[in-house]
Amino acid sequence: MRILITNDDGIRADGLWSLAEVAQEFGQVVVVAPDHERSACGHSMTMRNPLRVRPVRHPSIEAYEVDGVPVDCVNVGLTVAYPDGCDLVLSGINHGPNLGFDITYSGTAAGAMEGAINGIRSVALSMAVFVVDAPLHFETAQHWIRENWAFLTESPLPELTFLNVNVPSIDPVELRGTRVVQMGQRVYEDRVERREDPWGRPYYWQGGVVVMDPDQPGTDVNAVSEGFVSVTPISLDWTNHQAVEELRRQLRRRSC
Ligand code: MN
């Protein structure tokens, strides 16, 4: 199995190498990752600048860093390392959760999204830790990935669909299991904070803290909070098919 691995935390991130190590047990691995952290870049791509690719030395894994974002890494990786295509794109393991609407900002999810657009089986993996500097239990994610490899890589999926996986950052023995769930909602507060520089001029810092994870059973937010790994199939078809029908009815009514 030919596996391409990327992330949005950059080539030096521990989560990236944790993922590469475990994937290596199942196939040929090439790592292509941003040269520095690009978290929350979403599904952006570099178009107006050239992309430089540099080999990265590792004892057993072929690896490259790219001065771009995860989408660039997937496409450059397919050009440089897998010109005949590959069988699996893995993105992560992200240092933090990608739950609910986070997916739309996430560079981790975007890496998997780009894999899916290329017609390749793709999985985004994130470590659901909620407190800054709290321990990241990558060994828990590695253990779970190893145990669930066939489920992750072989379960039939519709076209243009990737898997978004969040592993709670807890001890492996505390993990309660796996739930296939829908995308939930996360509500942020104080999204933009006004601060002042040493000269008294204002600047603004965007981030915000989650104030509410509405407790909706059957969602990724809920599963992770209860100690389960969440697996959510995400479709690249963003159409709201219910709204299509209703809008067509409205159009017919208004145009006659
Ligand atoms: Mn990240």
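## A walk through the fold and its manganese site

Let's begin with the contacts of the protein chain: among those between residues at least 6 apart in sequence, 76% join residues at least 24 apart, where a contact means heavy atoms within 4.5 Å. Please keep in mind that this is a predicted model, in which local features need pLDDT of at least 70 and side-chain atom pairs count only at pLDDT 80 or more, while totals for chains, interfaces and linings use all residues. Residues are numbered from 1 along each chain as its sequence is written, and side-chain values use heavy atoms, with hydrogens and water left out.

The protein chain has 8 helices and 13 strands; these are DSSP runs numbered from the N terminus, with helices being H or I of at least four residues and strands being E of at least two. Its radius of gyration is 19 Å, close to the 18 Å that the globule rule gives for 256 residues, so the protein chain is as compact as a globular protein of that length. That radius is taken over C-alpha atoms, and the rule is 2.2 Å times the number of residues to the power 0.38. Of the 256 residues, 47% count as buried. Here buried means under 20% relative accessible area, exposed over 50%, and partly exposed in between, with a 1.4 Å probe and protein chains only.

Now step into the sheet at strand β2 (residues 28-34), where 6 of the 7 residues are buried. Strand β2 runs parallel to β1 (residues 2-6), and 4 bridges join the two; strands pair if DSSP finds at least two bridges between them. β2 also pairs with β4 (residues 62-66) in the parallel sense, over 5 bridges. Val31 is a handy landmark: Ile5 stands opposite Val31, and Val31 in turn stands opposite Ala63 in β4. Together with helix α1 (residues 14-24), β1 and β2 make a right-handed β-α-β unit. Right-handed means that, with the strands pointing away from the viewer, the path from the first strand over the helix to the second runs clockwise.

Helix α2 (residues 70-80) is mostly covered as well, with 8 of its 11 residues buried. Among them are Val71, Val74 and Leu78. The buried residues of α2 pack against β1, β2, β3 (53-56), β4, β5 and α4 (107-117).

Which residues coordinate the manganese ion? The donors are Asp8 (OD), Asp9 (OD), Ser39 (OG) and Asn94 (OD1), at 2.1 to 2.3 Å. Donors are N, O and S atoms within 2.8 Å of the metal (3.2 Å for Na, K and Ca), and water is not among the atoms, so sites may look incomplete. In sequence, the donor residues are spaced D-D-x29-S-x54-N. Asp8, in the loop between β1 and α1, and Asn94, in strand β5 (residues 88-94), link distant parts of the chain, 86 residues apart. Asp8 counts as buried because its relative accessibility is 2%, and Asn94 is buried at 7%.

A few backbone details deserve a look. Most residues other than glycine have a negative phi, and most peptide bonds are trans. The peptide bond from Gly92 to Ile93, however, is cis, with omega near -10 degrees, and Ile93 belongs to strand β5. Asp133 has a positive phi near 70 degrees; Asp133 sits in the loop between β6 (121-128) and α5 (138-147) and counts as exposed because its relative accessibility is 78%. Leu160 also has a positive phi, near 50 degrees. Leu160 lies in the loop between α6 (149-154) and β7 (161-168), and is partly exposed, with a relative accessible area of 42%.
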